[in-house]
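User: I am new to this structure and would like a close look at a single part of it. Please take me through the sheet and what surrounds it.

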Amino acid sequence: MAILRPPVRRHRNDFSIHLTADQSELLLRLLDEMVEMLTTVTDREEPLDPALAENRQRLARLFPPAYSGADTDPDLAEREEEYQRLMREELVQSRLASISTVREALTNPRHLSEPQLIAFMQSINALRLVLGTILQITDDGDDPIDGVAEHQDDDSGLDPDDPNIGLQVAYDFLSWLLEWTVQALSG
Amino acid sequence: MMRPIMGATSGTSTPTEVRPDYLPGDLGLDPDASVEEDRPWVVLVWNDPINLMSYVTYVLQKLFGHSLEKATELMLQVHREGRAAVAEGNREQAEMYVFRLHEHGLWATCQHDR
């Protein structure tokens, strides 16, 4: 049955991705939004537009601080500022390049090289970080065997009345896809 | 026009073996290489509730050339203790590794070894 077919498969020299049309469409839509957010929220100044300020918060996990203790040590604070000034744009460009690779692979299905599948993996993970931030995922569970982050209130599964149910479904889909991607890359 | 799934818009404020990128030592990560007056910088990976354990393990293998066992050990240390030191070197090397970890979405920082 097609549903049991792994979405990411390793071949002798390359990889292939097998998604339904709906899954590809969702992924492309999420990636488009990520590009929009990355290209409109690139500076470190607090934006005046409330929507940009909100998106800046949503992207925060993609641009973490680089120096421990920068909040108390002026020298480290200076290094931190320099890192963010120089490397943030590098990170943005790196993510945009990865997304471009994924878009190309999804719109013209073909086999992917390992670097292309790694770009795919990085993009899927970046989307999970943004969705996880919006969903305020705070609990990664205690079972190391599980390996899949759990939702804060997932005892009874998805709540159909939850206004975030769409985000939750997208997050779970990305988790599933990322697991298969890592598995394929790990051989 | 479709409503964004995760982006806010103006006016709608709704809330086998992994081949490493570098071989060990390529970037002078050998602690013996540190000189006395230049204490090494340590690269730390911090626990976060979003990144998958399998993903973190793979990234540590890929970036640092760790075996699956070593990468799993470090990942579990991050998970259980909140953080783990994954590399050390001079400041430029440590910053470069932090960047590569950020590129992969891991929450990483560097600090001067004490």
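Analyst: In chain B of this predicted model, three strands form an open, antiparallel sheet in the order β2-β1-β3, where strands are DSSP runs of E with at least two residues, helices are runs of H or I with at least four, both numbered from the N terminus, and two strands pair if DSSP finds at least two bridges between them. The edge strands, each pairing on one side only, are β2 (83–89) and β3 (108–112) of chain B, and the twist from one strand to the next averages 30°, an angle taken between N-to-C directions on a scale from 0 to 180 degrees, with axes fitted as lines to C-alpha atoms. Strand β1 (residues 41–46) of chain B runs antiparallel to β2(B) and is joined to it by six bridges; Val42(B), for instance, has Glu88(B) as its bridge partner in β2(B).

Along the sequence, chain B reads β-α-α-β-α-β.

Trp46(B) and Trp107(B) form a tilted aromatic pair, 6.3 Å centre to centre with 35° between the planes; rings of Phe, Tyr and Trp (its six-membered ring) pair if their centres lie within 6.5 Å, and planes under 30 degrees apart count as stacked, over 60 as edge-to-face and the rest as tilted. Because Trp46(B) lies in strand β1 and Trp107(B) in the loop between α3 (91–103) and β3 of chain B, the pair ties together parts that are 61 residues apart in sequence. Trp46(B) is partly exposed, at 25% relative accessible area, and Trp107(B) is partly exposed too, at 34%, where buried means under 20%, exposed over 50% and partly exposed in between (1.4 Å probe, protein chains only).

Residues are numbered from 1 along each chain as its sequence is written, and chains are lettered from A and ligands numbered from 1 in the order in which they are written. Local features need pLDDT of at least 70 and side-chain atom pairs count only at pLDDT 80 or more, while totals for chains, interfaces and linings use all residues, and side-chain values use heavy atoms, with hydrogens and water left out.
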